[in-house]
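Let's take a quick tour of a protein model. Have the viewer open and follow along.

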Amino acid sequence: MSGSITDVEFVMRNLAENIVANETYFGELDAVVGDGDFGYSLARGFEIVIENWDSYDRSDPGVFLTKIAAAVSARIGGTSGPIWGTAMLRAGVQLKEHPQIEGTDVVRALRASIEGIKARGQADLGDKTLLDALVPATDTLEAELNAGHSGAEVVKAMAVTARSAADATKTMQAMRGRASYTGERSIGSVDAGAMAIAVLLEGLADAWPTN
């Protein structure tokens, strides 16, 4: 599994379009125990990405990602902007000066994103955040690559893992974010951020070329 700036563009465009398309759904998920602005905030940030798509520096995949990260961070309010912006910035730093990206580069970039999210959000696995879907999905990515599977198979497996992991957040008590203020009332509903990771990976898997 290898790629270039074109592949990074494909992934980011797909994610941006699906974030905007799922604005209402993500907001409804967040409204159960949060303030309901998750979908709105993400959509406003990634609308800007789509509107300014042709203006971002494509000199290498890492630079491209860091430019998108800056745009999203500047636009998204609340906690989502810093979290998602940090994730993309950390990934972008790992991919700078890598015109050709291998699977191991993607794993390294996602691991860096995860560490950035942990530091920025003061969160970890089990706190009922997007990490509870992103970390196992990244573990699946690494395992699938090591098994020699195709890109389409890898992304599909990541989506399956993320969906299962997001569903499992229903049994958790939120320890971070607005949902944590509700204490035990947060048990019984899925985490909006974790489910967003699942939905976005499913959208990516559906669009991924099979050849």
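What follows goes from the overall layout to the core, the pocket, the salt bridges and a few loop residues.

## Ground rules

This is a predicted model, so local features need pLDDT of at least 70 and side-chain atom pairs count only at pLDDT 80 or more, while totals for chains, interfaces and linings use all residues. Residues are numbered from 1 along each chain as its sequence is written, and side-chain values use heavy atoms, with hydrogens and water left out.

## Overall layout

The protein chain has 9 helices and 2 strands; these are DSSP runs numbered from the N terminus, with helices being H or I of at least four residues and strands being E of at least two. Read from the N terminus, the order is β-α-α-α-α-α-β-α-α-α-α.

Of the 211 residues, 52% count as buried. Buried here means under 20% relative accessible area, exposed means over 50%, and partly exposed is in between (1.4 Å probe, protein chains only). As for contacts (heavy atoms within 4.5 Å), take those between residues at least 6 apart in sequence: 69% of them join residues at least 24 apart.

## The nonpolar core

A nonpolar core is a set of buried Ala, Val, Leu, Ile, Met, Phe, Trp, Tyr and Cys residues joined through side-chain atoms within 4.5 Å. In the largest one, which has 61 residues, the members touching the most others are Met 12, Phe 46, Phe 64, Ile 68, Trp 84 and Leu 201. Helix 9 (residues 192-207) gives the most to this core, with 11 residues.

Leaving aside residues up to four places away in sequence, Phe 46 touches Met 12, Ala 16, Ile 19, Val 20, Val 72, Ile 76 and Met 88.

## The largest pocket

The largest pocket has a volume of about 1,000 Å³. Some bookkeeping: on a 1 Å grid over the protein atoms alone, a pocket is an open set of points where a 1.4 Å probe fits, with protein on both sides within 12 Å along at least five of seven lines, and lining residues have an atom within 4 Å of a point. Grid points are joined across faces, edges and corners, and the volume is the space filled by probe spheres set on the points.

Of the 44 lining residues, Val 11, Leu 15, Val 106, Leu 110 and Leu 204 are the closest to the pocket centre. Elements giving two or more residues to the lining include strand 1 (2-3), helix 5 (80-95), helix 6 (103-121) and helix 9. Helix 1 gives the most, with 8 residues. By class, the lining has 32 nonpolar, 10 polar and 2 charged residues; Ala, Val, Leu, Ile, Met, Phe, Trp, Tyr, Cys and Pro count as nonpolar, Asp, Glu, Lys and Arg as charged, and the others, Gly among them, as polar.

## Salt bridges

Call it a salt bridge when a side-chain nitrogen of Lys or Arg is within 4 Å of a carboxyl oxygen of Asp or Glu; the count then comes to 10. Arg 111 pairs with Glu 142, with the closest N and O atoms 2.8 Å apart. This pair links distant parts of the chain, with Arg 111 in helix 6 and Glu 142 in helix 7, 31 residues apart. Arg 111 is partly exposed at 27% relative accessibility, and Glu 142 is partly exposed at 33%.

Arg 163 and Glu 202 also meet in a salt bridge at 2.8 Å, N to O. They link helix 8 to helix 9 across 39 residues of sequence. A local case is Glu 115 with Lys 118, at 3.6 Å, N to O: being 3 residues apart in helix 6, they are separated by about one helical turn. There's also a network of salt bridges linking Glu 23, Arg 44 and Glu 47.

## Loop residues to check

Which residues have a positive phi although they are not glycines? Glu 97 is one, at about 60 degrees, and Gln 122 is another, at about 50 degrees. Glu 97 is in the loop between helix 5 and strand 2 and is exposed, with a relative accessible area of 72%. Gln 122 is in the loop between helix 6 and helix 7 and is exposed as well, at 56%.

Finally, Ile 187 lies in the loop between helix 8 and helix 9 and is partly exposed, at 41%. Ile 187 and Lys 128 are 59 residues apart in sequence and 9.6 Å apart in space, C-alpha to C-alpha.
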